[in-house]
Amino acid sequence: MKKLLLIILMAVLFAPVSLEAKKKEKKAEVPQLQNYPSATLNEYRLHGGNVVVQGAFIIPEEAKGEKIPQEVLDQLNGRFTVIMRDYIVRKEKTSVIEFKNDGTFSMNVYVPYPMQMLVYPMGTVYACPGDTINVTIDTTKRTKEEAIKFDGTGLGGEVTRLWKQIDEKYCKSDWSNKVYEKGPDSLMMWKDEQVAQLDELVRQMNNGLPELAGCSPLASDIMRTHIVAMRLQHINDYYMRGEDLLRKDSTFNFEAYWQQYFSFVGPRAKYLTDNPLLMIAGDEFFFNRIEFQQFRPLQRRVMVFMPFDYDPKIAEMIAQEKQVYSREFNRSAMNELHDKLHISPTDFSAQVCKLRDFFSTIKWHKDEHDTIADDFAATMTVITHPELIRRAVLAYRDFIKENEIKVVEDKPLTKGDSIFQRIIEPYKGNVLFVDFWEMSCGPCRAGMLSMRDEVEANKDKPVKYLYVTDDTPEHCKSFLELNNIQGEHIHITRAEWGYLQEKFQFTAIPFVVLLDKNGKLRKDVTVEELLNE
């Protein structure tokens, strides 16, 4: 009896300790965004349309009423551009801003859905179809921060006004510690710290950010989505830099490290990735980072693009498991994300990344339109979100119109056409290799260095290498002379550069175009092939 009482007494005494221990073992609960989304994201709000981007220079009081001199306008026009990036289907459009004699401008810019848009070199605005964005440039101020003000109407104006202060306070990335250079353990510890900060930020947003007080529910949703997306992008950025260094170690287990590093996403996927609000709050850089780091299984590996008809050779390769069907690959990739990161196969961002992958690889197939159509069909087997399906079909339709049907239109010459014709006129009758570059661009300089042997080998052939830059001759002289960069060096103004960006629709450099001996732009050919023609 005494022994039984002793057992009962010990059980009573030690039970609380055991329960307390279990409490301590219980993992901390992952905070989720509350009252989110707080607005209904209706289908019409996701459609495209024109945004009016307008602005004006504020000039000194003593100069009011006077026309801006033509030489000043010539310097302004072309230096300012609007860059729209459709990050779902990897397409961008650059439009040049034209200032009037009174220093004002107004233009319509088409956006496929509400999105961030760059007004270069002034800053980021939020473009929402039907709204107006106002840009004010005060020439009486000394700094860019003081001089440039953004405003506007509707949702676009509201988000644009919030953008800068939200970015400054909650989204600034710290690159000072370079922890990715200190090894995988240090990077993993840094990541855990960042996730803890992310969770704390979610708690702050649940209590209400003072900057969002009084704004509309949809504007609040967009800004909160932007904040957490920027945090996730930064964590992906550090992983990318760390992985580049770790590649030197052939024994390192990248698969296990990747899985552990991104294990935090699954429990937070509802607002980090599986979030349709990212369509109107994310941007090109966000989707680029998660596409190639966090969602790496989605990148194409050993697979085959199937012909429409049965091919015994391909069937044999499939049977030997040397390659897989593109449909099977897409499904397997989505399932791998689910198995290893606990991310749903219908995750919104994963589907965006699959579409980005398709539209960026169309060029691989050149004019093999049957193969492209089959690849599109294979991609669509894993796309379930209605708006992404709509965007994909519309973008594919545009591709068919531009490439397969080959509609020919008589278009009037633009300023960019005139500038380019002036540049190439002295070299007519030659194959032309035209390289757009700047001194600030490392890959540009590296490309010029690597081209030296080719330029030298072809110096007596009917080909000219044109290096076009908006840098001054003085700025380029030391690099060009020290490294013996031969070819034709053409220096243009920043305004002329802007019109050429609009003509060729490029923002990244180096950017190269090839022209045959008849002056026709050619793609997917080499200088040697054009010379042989």
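Reader: What should I know before I start looking?

Author: The model is predicted, so local features need pLDDT of at least 70 and side-chain atom pairs count only at pLDDT 80 or more, while totals for chains, interfaces and linings use all residues. Residues are numbered from 1 along each chain as its sequence is written, and side-chain values use heavy atoms, with hydrogens and water left out.

Reader: How many helices and strands are there in the protein?

Author: The protein has 21 helices and 13 strands, where helices (H or I, at least four residues) and strands (E, at least two) are DSSP runs numbered from the N terminus.

Reader: Changing topic, how do helix 6 and helix 7 cross?

Author: The axes of helix 6 (residues 217–246) and helix 7 (residues 254–261) come within 12 Å and cross at roughly 165 degrees, with axes being lines fitted to C-alpha atoms, for helices over the stretch in contact, and angles running from 0 to 180 degrees between N-to-C directions. Helix 6 and helix 7 are therefore roughly antiparallel, a label for angles over 145 degrees.

Reader: Which residues meet there?

Author: From helix 6, I235, Y238, Y239, E243 and L246 meet F254, Y257, W258 and Y261 of helix 7.

Reader: I clicked on V195; is that residue buried or exposed?

Author: V195, which lies in helix 5 (residues 184–207), is buried, with a relative accessible area of 8%, where buried means under 20% (1.4 Å probe, protein chains only).

Reader: What is V195 in contact with, beyond its neighbours within four places in sequence?

Author: Leaving those neighbours aside, V195 is in contact with I235, F264 and R268, contact meaning heavy atoms within 4.5 Å. The C-alpha atoms of V195 and V265 are separated by 9.3 Å, although these residues are 70 residues apart along the chain.

Definitions and conventions. Buried < 20%, exposed > 50% of the residue type's maximum accessible area, 1.4 Å probe, protein only. Parallel < 35°, antiparallel > 145°, perpendicular 65-115°, else oblique.
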